[in-house]
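I opened this notebook to record what I looked up in one structure. The entries below follow the order of my reading.

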Amino acid sequence: MKNIPLSLALLAMTLAGCARTVDIRTDLTPETCVPGTVHKVERVGCYSAVTLRAMLWISDLPGKVTIKHGVRLYRVEYWTTNYDGQPTVASGLVALPKKAAPDAVVECLHGTTTLRNATPSKPTLLEGVSVSAIFAGAGYLLVMPDYIGYGTSHEMHPYLHAKTTADTSIDLLKAAHAFSGTLGVTWPTSLYLTGYSQGGHATAATQRALEAMNDPRFQVVASAPSSGTYNLADLIFPFALEGKSSAHSLYLAFMVRAYSAIYQQPIESVIKEEYAVLLPVLYDGEHDGGPIMEALPRNPRDMFQKTFLDDYDNGRPTWLLTALRENETYQWTPKAPMHVYYGESDTDVSPKESIEAAAEWTKRGANVQLINLGDFNHEGAIFQSVPLIRKWFDEVRAQQKAGEKAAQGLKTLRPAYAAR
């Protein structure tokens, strides 16, 4: 960060905020709702291009990011489907460029957080505003799900559950499509996906689901996961058990708590009872990572039942390993090109996750470029990847525009030749 008082940045954000809200509500109930239907929309901010440029300058990104437009930010609440098949309302951020028609959509999927309010639709400089500046400020329509359990949702967060994550992400796209129509904004059909850490897993899960749907409204053009988790059973779980990062106990407990509920298995079959009883409180959306890590053992293996570790260490099947395999996001063939980013010194997520996932996708015939960002840790690698992702998306978008222009030129020429 630049050596400038944070208060100046906060002042700029306060001065730039819009008090006016967009009061859109629907009277649907769980019995009458359709996934992807808008429930409520509120405006949560609006910023000039000058303010956004200043914010990004303060953040000291490692590459040039051009901002052309101011942005308008909206919290969109929408109907989606929870892991148990029940309808629920989730929230997310939709950011639009001011005084410009967006010509592409970016869906950005955020990383692990344990705080309900530390999510895109309750935007802060680091979480929602900067990403809006980077993409909506460049003419993209930005969509960022909070995920179930965050933002305005008080359900349990289905951490690393691939299907629910994809459903929630796609349903926000549907809601954003409907909402943009109410504003008279033409929805661009070109869709770019990106996400970091947990959001890397979410990016792959969402791309896989969208490409299987082949909905003409949501055509994935390019995908750029950063420092993601893809092979949960054979890579991230054994890596996290080693406890190289102080956050590994937090990640593992978060995942076991979610999978225990999703797969209806007793959490005490995996986690020692003294820790299992703490998890509903620790992961209630009100506790930051620090207190959670203090309450859990530094060595993740100390948190697990001896019987579970005996089964795991000796290769015997367990419900947890089965669940992890069901939620991998690397054994499929991507259609849209992918750039896969990682840092060499990442101790939170093993670099092997990106390396081996990219190798698997390439072996299956996908167009994948693996990008080693250098000697950076988890947070550093994500920070380094942002300007590179924006640059690549801009290049792909420019190529698309050139192709569309050439195609339009051919359509114009054909009637002229036919008249001769």
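This is a predicted model: local features need pLDDT of at least 70, side-chain atom pairs count only at pLDDT 80 or more; totals for chains, interfaces and linings use all residues.

**Entry on helix α4.** I looked up helix α4, which runs over residues 162-182 and has 21 residues. I noted that α4 reaches 31 Å from its first C-alpha to its last, close to the 30 Å expected at 1.5 Å a residue. I then read on past the helix: G184 follows α4, and the phi of G184 is positive, near 80 degrees.

**Entry on the cavity count.** I asked how many cavities of 30 Å³ or more there are. The count comes to three.

**Entry on the largest cavity.** I recorded a volume of about 180 Å³ for the largest cavity. Its lining has 17 residues, and the closest to the centre are Y159, L160, T229, I236 and Y251. I checked which elements give two or more residues to this lining, and found α6 (232-241) and α7 (248-262). By residue class, I noted 11 nonpolar, five polar and one charged in the lining of the largest cavity.

**Entry on the second largest cavity.** I found about 40 Å³ of space in the second largest cavity. I listed the residues that line this cavity, among them S227, G228, Y342, G343 and D346.

Definitions and conventions:
Residues are numbered from 1 along each chain as its sequence is written. Side-chain values use heavy atoms; hydrogens and water are left out. Helices (H or I, at least four residues) and strands (E, at least two) are DSSP runs, numbered from the N terminus. The expected span of a helix is 1.5 Å times one less than its number of residues. On a 1 Å grid over the protein atoms alone, a cavity is a set of points where a 1.4 Å probe fits but cannot get out, and a pocket is an open set with protein on both sides within 12 Å along at least five of seven lines; lining residues have an atom within 4 Å of a point. Grid points are joined across faces, edges and corners, and a volume is the space filled by probe spheres set on the points. Ala, Val, Leu, Ile, Met, Phe, Trp, Tyr, Cys and Pro count as nonpolar, Asp, Glu, Lys and Arg as charged, and the others, Gly among them, as polar.
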